[in-house]
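Please read the points alongside the sequence and the model.

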Amino acid sequence: MALLRQREAHQMREPIRVALPAEKTVLEALRAGDEVRLWGVVYTARDATHERIVAELRRSGVLPYGLQGQVLFYAGPTPARPGLPAGAIGPTTARRMDAWTPALLDAGVTATIGKGARSEEVRRACVRNGAVYFAAVGGAAALLGSCVVAAEVVAWPELGTEALMRLTLEGLPAFVALDSVGGDLYASAPREWQMEVDE
Amino acid sequence: MIPAARIADEVERTVPLIATSLRDDVLEALQAAYADEPSERGREVIRQLLDNAAAACERRVPLCQDTGTVWVWVELGQFECIEGDLQGAVDDAVARAYEHAGLRMSVVADALFDRRNTTTNTPAFVDVTSRPGKGATVHMMLKGGGSDNASALFMLEPSLGEQGVFDAVVSHVCAKATTACPPLLVGVGVGGTFDTVPKLSKKALLRPIGTRAANQRVTAFEQRVLHAVNRSGIGPAGLGGRTTALAVHVLTAPCHIAALPVAVNVGCIAMRSAMIEVEPS
């Protein structure tokens, strides 16, 4: 009975509120599988943005545009309708950024938001730096966009949807996919639900 | 006779609608999956996807930020011809629709040598085929990059047969599902030639979920693949559960005696398509 109650408590656990940018101690306390609501500032960066950020990093040795300590959201929004702060905005496939991510985490980016599994190098870079990777739900961009209360282009407007943008979030729903102790939700969760094919 | 402008008008009117509303059959299947999904996290993902469909409709915001490439497939009645420049008219319609509806421009000028955004989401990808009867049937689909990247083509040995097709499709879908925004609609084409089988798999995505395949053998095969994919544990958003795919749709066709072509077109949860009948003038 006690076990049952414990399980129910576990399943009904409220999402964890995470204010961004977050102190390392806050991020280090998160575990793969935790459901979170993200509040505060994040920066959008897709493929072309990453190329430019990393080029700046290599040239100057530091992250450009105050990205030190900040969070990158792998997303290219649709244009905002007049009167709305943002259009549809949702995660793009994180694996395409894997080549650049370890260098960015080592340089001071503290967390990333995207969708899909990451490379072993990214998992290790999260452990090394006390960083986390949040998974947002792909295909839910109207809902996620409604959690964006402010958006402004910070750099490279010529990249259009791939420009570096600063977003202010109010309760964006996500899950911790990679944590700072090596947990990987994309590896562990399917294993939990896998069944033999019975034929 | 059907003026190209008539078809283009339908494209311009329909594209913003399908970008912001989930297909009825997909919505129903997703609601059913919400009731059946045993994983709490999986249910939370599906709840977000249902809320997303409602939010998109209410706020007239796209379901997904990737508003895709535009596929326009015109099935032209045998008594008809198209008057005018269809590609040009459709491209103009797509450019206007994307601009006015605030959709994302996701097309670059050349895949290899000029990856500059065309800033109009054109060219559209236009096919014209013939069918019996009068008028034209215009199919439209917006296909996102993530799910298209998860699609594939296999030229199998004919000796591999049904089991070989099953193995290829199931292992491919399970390898790629996570990045393609599950729950998926899986389109499978079997037959034709190297160049025609992918189009068959894309056409399979147009069939509404819950409607019947060509015959019972196809239906049984679809169910077998769906069952296997949903035992992978990948689940909604790839975060664990039993709803990796809502449906598997298979179209088969004649082929060469030496061939067994198989294409898998992975459709994401933001499955956006429509069919419009155009009367002749």
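1. Which backbone nitrogen does a side-chain oxygen of B:Ser39 reach at the start of H3(B)? That oxygen comes to within 3.3 Å of the backbone nitrogen of B:Arg41. Helices (H or I, at least four residues) and strands (E, at least two) are DSSP runs, numbered from the N terminus.

2. On conventions, this is a predicted model, in which local features need pLDDT of at least 70 and side-chain atom pairs count only at pLDDT 80 or more, while totals for chains, interfaces and linings use all residues. Residues are numbered from 1 along each chain as its sequence is written, chains are lettered from A and ligands numbered from 1 in the order in which they are written, and side-chain values use heavy atoms, with hydrogens and water left out.

3. Helix H3 of chain B covers residues 40–59. B:Arg60, with a positive phi near 50°, follows H3(B).

4. Helix H6 (residues 161–176) and helix H8 (residues 216–230) of chain B pack at an angle of about 40°, with their axes 10 Å apart. Axes here are lines fitted to C-alpha atoms over the stretch in contact, and angles run from 0 to 180 degrees between N-to-C directions. Among the residues of H6(B) that meet H8(B) are B:Phe166 and B:Val169, and those in H8(B) include B:Phe221 and B:Val225.

5. B:Asn265 lies in strand S11 (residues 260–267) of chain B. This residue counts as buried because its relative accessibility is 6%. Beyond neighbours within four places in sequence, its contacts (heavy atoms within 4.5 Å) include B:Lys143, B:Asp148 and B:Ser201.

6. A:Asp98 is found in the loop between strand S3 (71–73) and helix H4 (101–107) of chain A, and counts as buried because its relative accessibility is 8%. Not counting residues up to four places away in sequence, A:Asp98 touches A:Arg118, A:Ser119 and A:Val122. Its side chain reaches the backbone nitrogen of A:Ser119 at 2.8 Å.

How values were computed:
The expected span of a helix is 1.5 Å times one less than its number of residues. A polar contact is a pair of N or O atoms within 3.5 Å; within protein, one must be able to donate a hydrogen and the other to accept it, and residues adjacent in sequence count only if both atoms are side-chain atoms. Buried means under 20% relative accessible area, exposed over 50%, partly exposed in between (1.4 Å probe, protein chains only).
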